Amino acid sequence: MDMHINQESKPSKLAAVFDDEQKAIDAKQTLVNVGHFKQQDIEVIQPKDRNTSKKIESEPKAIARFITRSHFIFGGVGLLVGLVIASAMVVSGPMMTQSSPLHTYIALAVVGTFVGLLFAGLLSLRPDHDPLINDTVTASRHNLWTLIVQTDGRKNLKKAHQLMNPTAVSVTETF
């Protein structure tokens, strides 16, 4: 069984903002020629681009699977943790929990599930993507060009950052 919750093939992203089209095209060529990135892993977002969201998050089905899986997994783990805590309290806890074990199990199972689902929701928000998305949308509105580079890990993300930093107006990356 595959235990990876996030099944995106390229979960790490970098956005490099440029003040003109030629710099963005040159930077893309640098990524391909020097950094050995694949053309399909690099998206160019031009000013006022109507496909910005598709270019930033290019794997919507993988993201939907991530959200669903994280909620099932963390909700289930929360349920189990709640039941284990309830069992411990019923066996050796306060008299109230020993006198009404059914209520104890129900209450802690619900609380455990709720906490697990809240944690899954926090992961699903992907707060590390907010700065990248905001910078890209703002750049597009201000007639700037943006390259979105999708990588499979931190090593390639750092390589892309080093290649883009000298010529880009700004560089933003995710975790």
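Predicted model: local features only at pLDDT ≥ 70, side-chain atom pairs only at ≥ 80, totals over all residues.

Residues are numbered from 1 along each chain as its sequence is written, and side-chain values use heavy atoms, with hydrogens and water left out.

**Exercise 1.** Find which residues of α6 are buried, and explain how they lie around the axis.

*Solution.* Start with the helix (a DSSP run of H or I, at least four residues, numbered from the N terminus): α6 spans residues 130-141. Next, pick out the buried positions (under 20% relative accessible area, 1.4 Å probe, protein chains only): L132, T136, A139 and S140. These cover an arc of only 100° around the axis (taken from the directions to the C-beta atoms), so they sit on the same side of α6. Finally, look at their cover, which includes β1, β2, α2, β3 and β4.

**Exercise 2.** Work out what the buried residues of α3 pack against.

*Solution.* First locate α3, residues 60-92. Its buried residues include F66, F74 and V90. Their packing partners are α4 (95-99) and α5 (101-125).

**Exercise 3.** Describe how α1 and α7 are oriented to each other.

*Solution.* Begin with the axes, lines fitted to C-alpha atoms over the stretch in contact (heavy atoms within 4.5 Å), with angles from 0 to 180 degrees between N-to-C directions. Those of α1 (21-33) and α7 (154-164) come within 10 Å and cross at roughly 140°. To finish, note the contact residues: A27, T30 and L31 of α1 with A160, L163 and M164 of α7.

Technical notes: Helix = DSSP H or I, 4+ residues; strand = E, 2+ residues; numbered from the N terminus. Expected span 1.5 Å × (residues − 1). Buried < 20%, exposed > 50% of the residue type's maximum accessible area, 1.4 Å probe, protein only. Parallel < 35°, antiparallel > 145°, perpendicular 65-115°, else oblique.
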